[in-house]
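Please load the model in your viewer and keep the sequence panel open.

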Amino acid sequence: APENTLPGMIPGPCVATFQQSHSPQSLLLTMQTSWSAVKKGPLPRIIAHRGAPRHAPENTLSAFAAAKRLGATWVEADVLPSLDDELVIFHDNELERCTSMKGRVKDVDSADLFSLDAGSHFSKEWKDARIPSLGELLEFCRDSHLGVNLEIKHANDDELAIPNEEEIAFEKSLAAATCDMVLKYECDPTQVFFSSYSYHALEVCKERLPHIKRGLLVDHIPPNWEELTQRVDCSCMNFWIDEKANTAELIQRVSRSIPLYAYTVNDLATAETMLSWGCSGVFTDAVDQVFDIDSVTARAG
């Protein structure tokens, strides 16, 4: 078995059911017990955002493979449900930007999603690229010795909008189904962490798999950041690089209390600035452009 896996990993393709796949409580307790002695591993300085989207279509297995070739040890991927409740890797709620189809991901059956051209938007040479399932991604990361940050998507198109009851239910169910996949694959807890703009999703992750790291996503670091991150016992907070709102002083002050990760940082100078201000690492579309920061600074704890 690969060195970063645990005994008894389930091989073969895996499909997650969005609404009704909750693992038996006995399995959850068994997994938490077996993982209890595993120390939470450090996160790297560099996390490849949607793989390597400057080298291959974003959020495809080709993009994650490209990130690996460029030296990434961790990748970030976005999780959404299909109409028939299977989990897929896709960023936008709408399909149009990255595929040959219009409509919303959650309104299309998985078989149709998996048949879409997810590469021609990048270039014609990538017309055979496809949307992967979450199971395929977990298998790929396991076999490639890659850590993976699973972003549990916000229900609303506006990621900062306050969700209504239906949207909260969506986010909670998506989080539960994502946890089920991590359980099913017995993922090494040092090689996976969850993130979301949704506190409700992170609360489910905390309840279901408290030993797996969680990161709160924000655009601007809010005044009540401490309350929000403590509410879901976050291991880090990930923020957008807007230097007018997220100033050096603010980053330096907050980073004394919680690790901070900046997104999306695509050049070495900005990456080094973020680290000098106190960030523990960066999300990047350009692993090859910022790779050198991992050799000059210690890895995040």
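A residue is called buried when its relative accessible area is under 20%, exposed when that area is over 50%, and partly exposed in between. The coordinates to which this is applied belong to a predicted model.

Begin by selecting Arg50, in the loop that runs between strand 1 (46-49) and helix 2 (61-69). Is Arg50 buried or exposed? Its relative accessible area is 13%, a value under 20%, and therefore Arg50 is buried. Inspect the backbone as well: phi of Arg50 is positive, about 60°, although the residue is not a glycine. Most residues other than glycine have a negative phi.

Next, select Asp85, in the loop between strand 2 (74-81) and strand 3 (87-89). Here too phi is positive in a residue other than glycine, with a value near 70°. The relative accessibility of Asp85 is 23%, so this residue counts as partly exposed.

Move on to Met237, which belongs to strand 7 (residues 236-240). Its relative accessibility is 0%, and Met237 therefore counts as buried. Display its surroundings: beyond the neighbours within four places in sequence, Met237 is in contact with several residues, including Leu216, Trp225, Val254 and Tyr261. Then draw a distance from the C-alpha atom of Met237 to that of Cys279; the two atoms are separated by 9.9 Å, while the residues stand 42 apart along the chain.

Finally, select Tyr263 and Thr264, which are joined by a cis peptide bond with omega of about -15°. Most peptide bonds are trans. Thr264 itself is found in the loop between strand 8 (260-263) and helix 9 (268-276).

How values were computed:
Residues are numbered from 1 along each chain as its sequence is written. This is a predicted model: local features need pLDDT of at least 70, side-chain atom pairs count only at pLDDT 80 or more; totals for chains, interfaces and linings use all residues. Side-chain values use heavy atoms; hydrogens and water are left out. Helices (H or I, at least four residues) and strands (E, at least two) are DSSP runs, numbered from the N terminus. Buried means under 20% relative accessible area, exposed over 50%, partly exposed in between (1.4 Å probe, protein chains only). Contact means heavy atoms within 4.5 Å.
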